[in-house]
Amino acid sequence: YDGKFRNKKMALNFQRMLAQLDPRYTKNNMKALAEVSLPVHLVWGMNDTFQPWATAGKTLEATFKDVTVTKINNCGHYLQLDAFEAYISAILDR
């Protein structure tokens, strides 16, 4: 958690970040996301209960024009914590 709870301000910032797990913010921007012309690399935790692959992931995969997907098994939304090595490998190997 890298010291995110050292003081009240940092804890509040972390809470705001957690609130972004609500997929409505992504859904509100789907038109703009479809216009992204750069390559996109989705790295997805396949046990993500907040934004499951079957719904959110597949939707994003179909939305982006130039997309590569790396699925990481046995981890949830917080890939960096649940599967650090696999996450880093996915990013660096790309």
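Contact means heavy atoms within 4.5 Å. The legends below concern a predicted model, in which local features need pLDDT of at least 70 and side-chain atom pairs count only at pLDDT 80 or more, whereas totals for chains, interfaces and linings use all residues. Residues are numbered from 1 along each chain as its sequence is written, and side-chain values use heavy atoms, with hydrogens and water left out.

**Figure 1. Overview of the protein chain, with its 6 helices and 2 strands.** Helices (H or I, at least four residues) and strands (E, at least two) are DSSP runs, numbered from the N terminus. In that direction the elements follow the order α-α-α-β-α-β-α-α. Along the principal axes, the C-alpha atoms occupy a box of roughly 40 × 30 × 25 Å. Of the 94 residues, 24% are buried; buried means under 20% relative accessible area, exposed over 50%, and partly exposed in between (1.4 Å probe, protein chains only). The accessible surface is about 6800 Å², and carbon and sulfur atoms account for 54% of it. These areas come from the Shrake-Rupley method with a 1.4 Å probe; for residues, only the protein chains shown count as cover. Among contacts between residues at least 6 apart in sequence, 65% join residues at least 24 apart.

**Figure 2. The parallel pairing of strand 1 with strand 2.** Strand 1 (residues 40–45) is largely enclosed by the rest of the structure, because 5 of its 6 residues are buried.

**Figure 3. The β-α-β unit built from strand 1, helix 4 and strand 2.** Helix 4 comprises residues 53–63, and the unit is right-handed. A crossover has this hand if, with the strands pointing away from the viewer, the path from the first strand over the helix to the second runs clockwise.

**Figure 4. Asn74 in the loop between strand 2 and helix 5.** Asn74 has a phi near 60°, a positive value in a residue other than glycine. Most residues other than glycine have a negative phi. The relative accessibility of Asn74 is 67%, so this residue counts as exposed.

**Figure 5. Ala83 in the loop between helix 5 and helix 6.** Helix 5 spans residues 79–82. Ala83 counts as buried, with 14% relative accessibility. When neighbours within four places in sequence are left aside, Ala83 is in contact with Ile72 and Cys75. Ala54 is 29 residues from Ala83 in sequence, and their C-alpha atoms are 20 Å apart in space.

**Figure 6. A nonpolar surface patch made by Phe84, Ile88, Ile91 and Leu92.** The patch has an area of about 380 Å². Patches are made of residues with over 30% relative accessible area and no salt bridge; like charges are joined within 9 Å, and nonpolar side chains (Val, Leu, Ile, Met, Phe, Trp, Tyr) within 5 Å. A salt bridge is a side-chain nitrogen of Lys or Arg within 4 Å of a carboxyl oxygen of Asp or Glu. Leu92 belongs to helix 6, which covers residues 84–93. Its relative accessible area is 66%, and Leu92 is therefore exposed.

**Figure 7. Lys9 in helix 1 and Asp22 in the loop between helix 1 and helix 2.** Helix 1 covers residues 8–19 and helix 2 covers residues 24–27. Lys9 is exposed, at a relative accessible area of 62%. Asp22, at 29% relative accessibility, counts as partly exposed. The C-alpha atoms of Lys9 and Ala86 are separated by 31 Å, with the two residues 77 apart along the chain. For Asp22 and Asn73, 51 residues apart along the chain, the C-alpha separation is 22 Å.

Definitions and conventions:
Pairing = 2+ DSSP bridges.
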